[in-house]
Amino acid sequence: MSVSQALPGTHRRDMDAYRLRHGHGGGHGGHDFPTGHGEGGPAPRHVVVAYGFWIFILSDIIMFSTFFAAHAVLATATAGGPSGTVMFNPANVAWETTALLLSSFTCGLSAVATRARSLVWTEIGLLITGVLGVAFLVLECREFASFVARGASPEASAFLSSFFAVVGCHGLHVTAGLLWLGTMMAQVFVKGFRPDILRRLLCFNLFWHALDIIWVALFTIVYLIGLGR
Amino acid sequence: MNDTNHDGDPDFGDVGPGYMETVDGGIRAGIQGYVLGLFLAALLTAAAFYIEGTHLIWGPGIAVALIVLAVAQIGVHLVFFLHITTAPDNTNNILALAFGVLIVALIFVGSVWIMAHLNDNLMPMHGAVPMQP
């Protein structure tokens, strides 16, 4: 039983808003509680939920890093087939990047609207986010289709297998995000800004922004560096 | 107001990731943050696409420049969109992120490094030396 539980809500909180309290001479078990172990009890629900979802996102990014590593290793293993320099179309990638970056922006604006408890603007922000996400997916599917039409299907070479794996995995994440976005729009509309709905919106925001971060790594490592290979 | 909004609550010790800290700024400051983030991200993206097709930079240096730009843009996204900051109440989020970055770097750099050495030490596959049983 630590002292922090024995002395709930003492005046010390006012002296150190961030609860850093290092070096008060008490040593461990004294009065220096690290951040997050304050006398206010466990962290609020939405902090715990968002933190847990943050851990999930980081593990998802680690999963992506294995795909990226495979692609970086296999990028030159074209087996006599087409290479990235021949196949990639920078204009198409630029449009995909624009769509996803703008969707990340509008997703953030919808979070601002949620904060202001504006139902209409939250829904509008989410709707534009979804439209831009669909535009991204359409561009990506067209690219995949043109690859396959030109004989560059996933089974043609190790390079193409790893390309379709890493880009397709990101595309699947965007698809899942769009389904989640649709259900969030419905939930906000029907249930309003209930605490649980707000937590889900926060998690969705984190997920969508994380997808854009992965896309930054994607267009750099796979497309732009691949074009110059 | 409802029970999930802990702004101004002195008991509110930590913040989760993605949590905007525009306590006094409100809507205006929130939008400004995202506009600034979008501007910086667009600038870095445009620079990356420009550098790829240019001869301004020495050829082999282009990949390095692109990676630097990507890391910068990921930083912009983390700060302006995901609201991961270095504030004391964000320590947990930063530490989790640092661990994630460590693992990603080990997996990615380690794989590329090992496989590059493996390629160097193997015979060229095409043209020569049929394998003996």
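Q: Which helix of chain A does W215(A) lie in?
A: In this predicted model, W215(A) belongs to helix α8 of chain A.

Q: What makes W215(A) count as buried rather than exposed?
A: W215(A) has 23 other C-beta atoms within 10 Å. The cut-off for buried is 20 or more, so W215(A) lands in the buried class.

Q: Which residues is W215(A) in contact with, leaving aside its neighbours within four places in sequence?
A: They are T97(A), L100(A) and H170(A). A contact here asks for C-beta atoms within 7 Å. There's also a C-alpha separation to look at: W215(A) and G171(A) are 44 residues apart along the chain, yet their C-alpha atoms are separated by 9.7 Å.

Q: Why is A42(B) called partly exposed?
A: Count its neighbours: A42(B) has 17 C-beta neighbours inside 10 Å. Buried needs 20 or more and exposed needs 12 or fewer, so with 17 A42(B) is partly exposed. A42(B) sits in helix α1 of chain B.

Q: How do you know that the span of α1(B) agrees with what its residues should give?
A: Take the 27 residues of α1(B) at 1.5 Å a residue and you expect 39 Å. The end C-alpha atoms are 40 Å apart, so the two agree.

Q: Which residues of α1(B) are buried, and what covers them?
A: The buried ones include G30(B), G33(B), Y34(B), G37(B), L38(B) and A41(B). Further along, L44(B), T45(B), A48(B), F49(B) and E52(B) are buried too. The cover includes α5 and α8 of chain A, along with α2 of chain B.

Q: What makes α5(A) largely enclosed by the rest of the structure?
A: It's a matter of counting: 19 of the 26 residues of α5(A) are buried, so the helix is largely enclosed. As for its length, α5 (residues 90-115) of chain A reaches 37 Å from first C-alpha to last, close to the 38 Å expected. After α5(A) comes R117(A), with a positive phi near 55°.

Q: Why is α3(A) called roughly parallel to α8(A)?
A: The axes of α3 (residues 45-74) and α8 (residues 195-227) of chain A cross at roughly 20° and come within 10 Å. Angles under 35 degrees count as roughly parallel, so α3(A) gets that label against α8(A). The crossing of α3(A) past α8(A) is right-handed.

Q: Which residues make that contact, and how do they split by class?
A: From α3(A), the list includes H46(A), F53(A), W54(A), I57(A) and F64(A). From α8(A), it includes R199(A), L202(A), L206(A), F207(A) and I214(A). By class, this contact of α3(A) with α8(A) has 19 nonpolar, 2 polar and 1 charged residues.

Q: How many residues of each chain are in contact across chains A and B?
A: It's 51 residues of chain B against 51 residues of chain A. On the chain B side, α1 (26-52), α2 (61-81) and α3 (91-121) each supply at least two residues. The largest share, 13 residues, comes from α3(B). By class, that side of chain B has 30 nonpolar, 16 polar and 5 charged residues.

Q: What pattern does chain A follow along its sequence?
A: Chain A reads α-α-α-α-α-α-α-α, with 8 helices and 0 strands. Of its 229 residues, 41% count as buried.

Notes. Residues are numbered from 1 along each chain as its sequence is written. Chains are lettered from A and ligands numbered from 1 in the order in which they are written. This is a predicted model: local features need pLDDT of at least 70, side-chain atom pairs count only at pLDDT 80 or more; totals for chains, interfaces and linings use all residues. Helices (H or I, at least four residues) and strands (E, at least two) are DSSP runs, numbered from the N terminus. Two residues are in contact if their C-beta atoms, placed from the backbone, lie within 7 Å. Ala, Val, Leu, Ile, Met, Phe, Trp, Tyr, Cys and Pro count as nonpolar, Asp, Glu, Lys and Arg as charged, and the others, Gly among them, as polar. Axes are lines fitted to C-alpha atoms, for helices over the stretch in contact, and angles run from 0 to 180 degrees between N-to-C directions. Angles under 35 degrees count as roughly parallel, over 145 as roughly antiparallel, 65 to 115 as roughly perpendicular and the rest as oblique. A crossing is left-handed if the near helix is turned anticlockwise from the far one by less than a right angle, and right-handed if clockwise. The expected span of a helix is 1.5 Å times one less than its number of residues.
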